[in-house]
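Please keep the sequence and the structure in view while reading.

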Amino acid sequence: MLQKKAHKPKELKYSDLRWRCNPSTFDFTDTKNITPIDEIVGQERALEALKVGVDIKAPGYNIYIAGLAGTGKTTTIQQMLESLSTSRPQLYDYVYVNNFEDPDHPILLVMKAGEGRVFRKEISDLISFLRERIPHHLESENYLAKRKQIIEKYKESEQELFQVFEKKLKKDGFALGEVQVGESVRPDIIPIINDEAVPVYQLSQLVSEKKLKKEHVETITKKYQKYQEELIVVFKKGMKINLEMQEKANNLERGEVSVLLEGALRVLYEKYKVEKIVQYLSNIKKSVLENLQFFKEQKGGGDEAPEGYQIDYFHDYEVNIILDNSNTTSCPVVVEISPTYTNLFGTIEKISDGRGNWYADFSKIKAGSLLKANGGYLVLRAIHLFEEPGVWRTLKRILNYRKLEIQDSPYTFSWAQSMLKPEPIEINTKVILMGNNYIYYLLSGYEDDFKKIFKIKADFDSEITRTEEIMIKYTRVIKKLIQEENLREFDRTAVAYLLELASRYAGHKEKLTTRFSFLADIAREADYWAKRGNSKVVKQAHVKTAFYKARERHALSEDKMSESILDNTILIESCGERIGCLNGLAVYGNDYYSFGKPVRITATVGMGSGSIINVEREAGLSGKIHDKGMLIINGFFKETFGRHAPLSFSANIVFEQSYGQIDGDSASAAEIFTLLSTLADIPLKQSIAVTGSVNQKGEIQPIGGVNEKIEGFYDVCNSRGLTGIQGVVIPHQNVKELMLRDDIVEAVKKRQFHIYPMARIEEGIEILTGIKAGMRDAAGVFEAGTVFGIVEDQLRKLYEKAKNPYKEKNEKKMHSKNKSGNRKK
């Protein structure tokens with residue numbers, strides 16, 4: 001059958017392959033007289049969102065900043081928050097003091113900024129004053145006279161009580177004495193026999209010696225037991241008298257000290273009107289009166305302590321300032337680079353008592369970044385919140401309830417967990433999280449409260465539409481970097497080339513990247529190469545060197561793959577024709593550095609039921625998007641060839657020599673071309689590589705990494721020698737994204753390399769085969785001699801064969817018999 005030749009395909013001109021920034025656009029020779037820029041370029045939407053989040057003080061208006069790295073998120077936050085430094089909000093000092101009634105629940109005192117330090121000194125001075133004055137006060141003549149009077153009064157009562165009892169004993173032949181029991185001495189009643197005191201236990205010995213009669217001893221014993229009971233009663237009365245005396249003495253003591261305390265506390269009562277502070281001062285007074293024994297001595301005494309360790313009985317009166325804002329003159333802004341549980345929320349330290357035990361009290365409570373930023377802003381990177389267990393969960397709870405309870409981390413091992421439960425602190429910190437969109441959508445989808453506590457999202461764009469005004473602003477950004485880092489001035493050719501690189505990084509001729517960190521790195525390295533070349537200014541050549549040297553440093557994987565292709569370890573053909581085989585294009589690498597290389601795609605076809613087998617999927621190496629692409633290919637064939645008869649073929653499609661995960665649909669068009677080639681038995685040009693996504697209607701869709709893919713195939717062809725017929729077919733939508741290397745632009749200009757745009761599958765198959773794709777006629781049949789016509793004819797034959805698989809075999813047998821019969825005749 002005569003094949004119909006396709007029309008000459010449309011090619012891109014060399015001027016379509018790259019945007020050139022004309023240096024004459026700028027009205028300066030170099031950046032020496034350029035004014036640095038202070039504003040953030042290209043982030044108006046994000047800046048407006050940040051302003052709303054900063055200005056609204058209502059609960060939940062915390063801010064999540066999303067965007068790619070290098071788009072200026074950190075710089076923007078710093079500039080915006082620095083502008084707030086002059087508007088300091090009302091700040092407070094946060095103080096924990098001892099709860100004398102329940103030490104496990106320390107009391108929180110909130111004071112105006114600067115009052116905490118003053119209050120601590122006042123309490124310290126108060127305790128020092130009491131330690132000095134109480135002993136002197138209790139040694140005054142007036143006090144000692146009153147105390148002596150009380151003691152003498154009760155001593156007389158006690159002596160009178162015992163004198164009456166002793167008279168009674170003496171009258172009955174007994175005396176009050178003491179006996180030793182072990183190492184102790186106790187009072188006892190002793191009988192008097194012949195004017196001698198004889199202990200009761202010796203009476204039996206006198207009976208055996210016949211110095212006393214048994215009946216007499218029994219009488220003495222009965223009286224002894226009676227008086228022994230009376231002795232107990234007398235001693236109880238004596239003890240009661242002593243207790244009353246002690247109580248009277250203590251009351252006198254407390255009364256005397258109360259006068260001193262009232263005088264010392266009066267100034268503080270008059271100064272502090274807050275109820276909690278007044279109550280704390282009252283508790284101090286009560287505690288001092290209950291622990292006067294520690295104040296009576298100039299130096300604290302007490303329990304025996306290990307050597308080198310001293311018990312401080314006045315520790316309970318200390319004031320623990322966990323946040324002192326006395327020197328804070330601006331709005332608090334805390335950037336926490338290591339948000340561990342302790343750093344973020346604070347902790348309760350534990351110390352040894354010298355005996356191997358550990359304890360904690362109110363004085364060991366420490367603040368974290370969240371409290372230090374109270375009334376201001378806390379800046380965190382979202383990813384760091386998930387590096388330590390419990391940090392995100394605790395932060396979310398605090399932002400929900402706006403209360404901070406300082407505790408040990410429950411997720412870290414400790415020999416002794418603290419049982420302290422300090423009073424919660426009201427939190428008014430605005431949290432600013434910086435992260436990417438993936439984390440944002442993950443938290444939004446799985447954390448019910450996330451959008452409630454982070455109501456503002458500031459999205460930083462990674463690109464901006466190029467205008468003359470924006471180009472001037474970019475120049476001022478470069479000047480700011482030059483000024484801050486003391487770099488050489490850039491001439492306008494260097495600035496122009498930097499803008500071209502900004503367009504390449506953006507992946508669009510009409511846009512520039514806002515990931516200024518990339519440009520800053522190139523600018524720094526260009527300055528380095530200018531220094532090595534002894535140049536006073538940075539020129540275009542230095543920027544080019546910096547760019548290509550940076551790529552070269554990361555190009556080891558690319559070079560190894562190129563080497564494998566050139567020595568035919570990886571089978572890639574760049575000339576000739578083959579059936580069912582085509583060069584697709586893949587992108588390798590990461591965000592900062594990526595490169596493209598050709599990959600062989602092949603297809604095989606046999607009789608079947610219209611199924612297309614994705615070998616990568618069967619091997620577990622295919623991603624979901626690639627799987628979807630294969631289903632779209634199936635839909636294309638049903639739409640194009642399956643309307644009049646079932647598709648009676650089965651096909652396998654595979655990426656040859658691919659041993660890793662494959663994803664994406666940018667090879668869908670190439671996979672369709674290999675299937676068409678195999679079905680029609682028409683060879684494809686190996687000198688042309690293809691990239692492009694496709695839908696079920698055969699329309700070509702744009703793909704990513706178009707520059708890297710073209711450059712990858714060009715490098716293979718150039719290494720083997722350009723033939724003038726090599727090239728790449730790309731989606732027509734990607735033309736606006738082309739920012740190819742200068743050597744490729746030059747090769748296209750000399751017609752040594754070609755780049756073809758395609759809008760439909762028909763255009764691509766014509767470029768690859770040189771045969772017309774074909775259209776349906778009035779009868780709904782593809783015209784003969786076209787690719788689609790040949791494919792349709794082959795599919796019809798496969799369908800007929802599938803309906804009667806033995807028909808062809810029987811016809812061959814009959815034909816063979818007829819020929820044999822004719823020979824016999």
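Is Arg796 buried, partly exposed or exposed? In this predicted model, Arg796 has a relative accessible area of 39% and is therefore partly exposed, and its salt-bridge partner, Asp793, is also partly exposed, with a relative accessible area of 24%. Both residues belong to helix α25 (residues 787-803), where they stand three residues apart, about one turn of the helix.

**Salt bridges**

Side chains of opposite charge can pair when their charged atoms come close. The count for this model comes to 43 salt bridges, and the table sets out some of them.

| Salt bridge | N to O distance |
|---|---|
| Glu11 and Arg751 | 3.1 Å |
| Arg741 and Asp715 | 2.6 Å |
| Arg796 and Asp793 | 3.4 Å |

The side chains of Glu11 and Arg751 meet in a salt bridge, and this pair links distant parts of the chain, 740 residues apart: Glu11 lies in the segment before α1 (44-55), while Arg751 lies in the loop between α23 (742-749) and β32 (754-758). Glu11 counts as partly exposed at 21% relative accessibility, and Arg751 is partly exposed with a relative accessible area of 47%.

The side chains of Arg741 and Asp715 also meet in a salt bridge. Because Arg741 lies in the loop between β31 (727-731) and α23, and Asp715 in helix α22 (residues 706-720), the pair ties together parts that are 26 residues apart in sequence. Arg741 counts as buried, at 15% relative accessibility. Elsewhere, a network of salt bridges links Arg18, Arg20, Glu500, Lys544 and Asp742.

**Aromatic pairs**

Across the whole structure, a search finds 30 aromatic pairs. One of them is formed by Tyr505 and Phe518, a tilted pair with 5.0 Å centre to centre and 45° between the planes. This pair links distant parts of the chain, with Tyr505 in helix α15 (residues 492-506) and Phe518 in helix α16 (residues 516-532), 13 residues apart. Tyr505 is partly exposed, with a relative accessible area of 26%, whereas Phe518 is buried, with 9%.

Phe547 and Tyr548 form an edge-to-face pair, with 5.0 Å centre to centre and 70° between the planes. Phe547 counts as buried at 5% relative accessibility, while Tyr548 counts as partly exposed at 31%. An aromatic cluster is made up of Tyr64, Phe386, Trp392, Tyr440, Tyr441, Phe450 and Phe454.

**A charged patch**

Note on methods: Residues are numbered from 1 along each chain as its sequence is written. This is a predicted model: local features need pLDDT of at least 70, side-chain atom pairs count only at pLDDT 80 or more; totals for chains, interfaces and linings use all residues. Side-chain values use heavy atoms; hydrogens and water are left out. Rings of Phe, Tyr and Trp (its six-membered ring) pair if their centres lie within 6.5 Å; planes under 30 degrees apart count as stacked, over 60 as edge-to-face and the rest as tilted. Helices (H or I, at least four residues) and strands (E, at least two) are DSSP runs, numbered from the N terminus. Buried means under 20% relative accessible area, exposed over 50%, partly exposed in between (1.4 Å probe, protein chains only). A salt bridge is a side-chain nitrogen of Lys or Arg within 4 Å of a carboxyl oxygen of Asp or Glu.
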